[in-house]
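Here are some friendly notes to read alongside the structure. Please keep the sequence at hand as you go through the points.

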Amino acid sequence: MTTVDPNFSEHADREARRARLFTRINAADKWFQVLGLSWITPVLKAAAGDNPAAQAKEIWRLLAVPLLAICAFLVMWGTLAPKIETSLGAVPGPQQVWTEALNLHKDAQAKAESKAEFEAKVAQLNERLVAQGKEPKQRAYTGAPTYYQQIWTSIQTVFFGFLIATAIAVPLGIAAGLSPTANAALNPLIQIFKPVSPLAWLPIVTMIVSALYVTQDGWFAKSFLISAITVTLCSLWPTLINTSLGVASIDKDLVNVSKVLKMNTWTKITKLVLPSALPLIFTGLRLSLGVGWMVLIAAEMLAQNPGLGKFVWDEFQNGSSSSLAKIMVAVFTIGIIGFLLDRVMYALQSLFTFTNNR
């Protein structure tokens, strides 16, 4: 009769638990990469005892080096900024920009409280009117929008324009990828209109929307449509081109199989074309969303439509001592939002494509 060494059994259980832990860490690593937090993986592995020296090198590369680069940038910025004099005074350093960011937050809170007080007074007034048997009055708050409201306006606008661009570009890209005739028809139009600046599209879009959208109580404000359509016209090209390339690059053996199975066009597109072309389609979508975000800020500045672009232009025209710092806050806000938008598209790509490395 054989007996099992209890130390051996305990060691085996411990190794099994470690193996399960590392499996979970590796699974989570896919999402850490999507979120731009890939440095968490070596930290977790080092804490679990997996080759601490090798994990330390990864932590240095993924976390320490970027942090040092950011610190070096801040030091250089803080050192050089006071030496540059502009019409609005010296260029603000990191401390002044951070102070203005806090001031914008406090201003947003104050405006929110003012709006709440206004709405409370209107509600009280309407209660008295109803008690007297009169019709309540509808009064809109006319105060200036907060910084956060301007951010939200820009995000809504870019997504609306981006969705319209996607709805146009993906079907056209599929048609161009499947049909040489459609590709020959679309290619010259793409080559002509793709390089056109949003500053050239904006006056055309403004005049057309003003002529066609004459209602005053529609679903969308006219300024919103002008900005969104300008985003659409400038951002659809990367998606169209990448979709066409992805469809045209499908393995010919798969195409032959679809012919053998006598798939109809809809089945061929949904079961074969889209799954095979999704990686390149998502690459085009990520590029389009980035282009759309840049285009939107320029359009809002030029047309004075609500959003972050208008905020930047208003501060530039204001010319106060804090204007330059507020503009720099907006610049960092625009960059951070652009990064987050790309992460959102990357997360969707990871959900709907076969690997995370496409």
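1. A word on terms before we start: a residue is called buried under 20% relative accessible area, exposed over 50%, and partly exposed in between. Please also bear in mind that this is a predicted model.

2. Let's begin with helix 7. On one side of helix 7, M207 and A211 are exposed. Which residues of helix 7 are buried? They are P198, W201, L202, V205 and V209.

3. Helix 7 runs over residues 198-212, and its 15 residues should span 21 Å at 1.5 Å a residue. The C-alpha atoms at its ends are 20 Å apart, which agrees with that expectation.

4. Now to the rings. How many aromatic pairs does the structure hold? There are nine. One of them joins W313 and F316, a tilted pair with 5.5 Å from centre to centre and 40° between the planes.

5. W313 is partly exposed, at a relative accessible area of 31%. F316 is likewise partly exposed, at 48%.

6. Ring pairs also link F73, W77 and F332 into a cluster. Two members of this cluster, F73 and F332, turn up again in a nonpolar patch on the surface. The patch also takes in L67, I70, L74, I336, F339 and L340, and together its residues have about 740 Å² of accessible area.

7. Which helices supply at least two residues each to the nonpolar patch? Helix 3 (52-80) and helix 12 (323-352) do. I336 is one of the patch residues, and I336 lies in helix 12.

8. A last point concerns N318, which lies in helix 11. N318 is partly exposed, with a relative accessible area of 47%. From N318 to Q349 is 31 residues in sequence, and their C-alpha atoms are 42 Å apart in space.

How values were computed: Residues are numbered from 1 along each chain as its sequence is written. This is a predicted model: local features need pLDDT of at least 70, side-chain atom pairs count only at pLDDT 80 or more; totals for chains, interfaces and linings use all residues. Side-chain values use heavy atoms; hydrogens and water are left out. Rings of Phe, Tyr and Trp (its six-membered ring) pair if their centres lie within 6.5 Å; planes under 30 degrees apart count as stacked, over 60 as edge-to-face and the rest as tilted. Buried means under 20% relative accessible area, exposed over 50%, partly exposed in between (1.4 Å probe, protein chains only). Patches are made of residues with over 30% relative accessible area and no salt bridge: like charges are joined within 9 Å, nonpolar side chains (Val, Leu, Ile, Met, Phe, Trp, Tyr) within 5 Å. Accessible areas come from the Shrake-Rupley method with a 1.4 Å probe; for residues, only the protein chains shown count as cover. A salt bridge is a side-chain nitrogen of Lys or Arg within 4 Å of a carboxyl oxygen of Asp or Glu. Helices (H or I, at least four residues) and strands (E, at least two) are DSSP runs, numbered from the N terminus. The expected span of a helix is 1.5 Å times one less than its number of residues.
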